[in-house]
Amino acid sequence: MAREEVESSFNKFEETDFARTGSIATEKVELLEGPLDQFTHEMEPFLHKQGMPVRLNKGVVELVSDFVVCEEGKPLSPESARILVCSCFILHFPSYN
């Protein structure tokens, strides 16, 4: 394999992993107002502590207003990383991160 092909292969390589504090977000993640079916009612206090505007409505976690979890190109805060992991959202990171 030629050197250029090897370098190209490595440059294109991405690793799939759960979000970690300090990692650079590869895309914007925004949760829209309304019920959050991916979370159980027991998660409401945890989500509230992470800064999300949530409440319980008849036992269902509900987002009171739209919430931006992370912005593309910006480092993930500890709170954003926890929210992404809890919602099983997977980001694709370049191999050098």
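Reply: Helices are DSSP runs of H or I with at least four residues, and strands are runs of E with at least two, numbered from the N terminus. On that basis the protein has three helices and seven strands. Along the sequence they follow the pattern α-β-β-β-α-β-β-β-α-β. Please note that the model is predicted.

Me: What makes strand 3 (34-35) and strand 4 (54-57) edge strands?

Reply: Two strands pair if DSSP finds at least two bridges between them. An open sheet of three strands has the order 3-5-4, with antiparallel pairing. Strand 3 (34-35) and strand 4 (54-57) each pair on one side only, and are therefore the edge strands.

Me: How do you know that strand 3 pairs with strand 5?

Reply: The cut-off is at least two bridges, and two bridges join strand 3 to strand 5, which run antiparallel. Within strand 5, Glu-62 is the residue opposite Pro-35.

Me: Why is Lys-58 called exposed?

Reply: A residue is exposed when its relative accessible area is over 50%. Lys-58 has 82% relative accessibility, so Lys-58 counts as exposed. Lys-58 lies in the loop between strand 4 and strand 5.

Me: Why is Ser-65 called partly exposed?

Reply: Buried means under 20% and exposed means over 50%, with partly exposed in between. The relative accessible area of Ser-65 is 31%, so Ser-65 is partly exposed. Ser-65 belongs to the loop between strand 5 and strand 6.

Me: Which residues is Ser-65 in contact with, leaving aside its neighbours within four places in sequence?

Reply: Contact requires heavy atoms within 4.5 Å. With those neighbours left aside, Ser-65 is in contact with Glu-33 and Pro-53. Pro-53 is twelve residues from Ser-65 along the chain, and their C-alpha atoms are separated by 6.6 Å.

Me: Which members of the largest nonpolar core touch the most other members?

Reply: Membership requires buried nonpolar residues joined through side-chain atoms within 4.5 Å. Of the 18 residues in this core, Leu-36, Met-52, Val-54, Leu-63, Val-69 and Leu-84 touch the most other members. The elements giving two or more residues to this core are strand 2 (29-31), strand 5 (60-63), strand 6 (67-70) and helix 3 (78-86).

Me: What percentage of the 97 residues is buried?

Reply: Buried residues make up 27% of the 97 residues.

How values were computed: Residues numbered from 1 in each chain as written. Predicted model: local features only at pLDDT ≥ 70, side-chain atom pairs only at ≥ 80, totals over all residues. Heavy atoms only, no water. Buried < 20%, exposed > 50% of the residue type's maximum accessible area, 1.4 Å probe, protein only.
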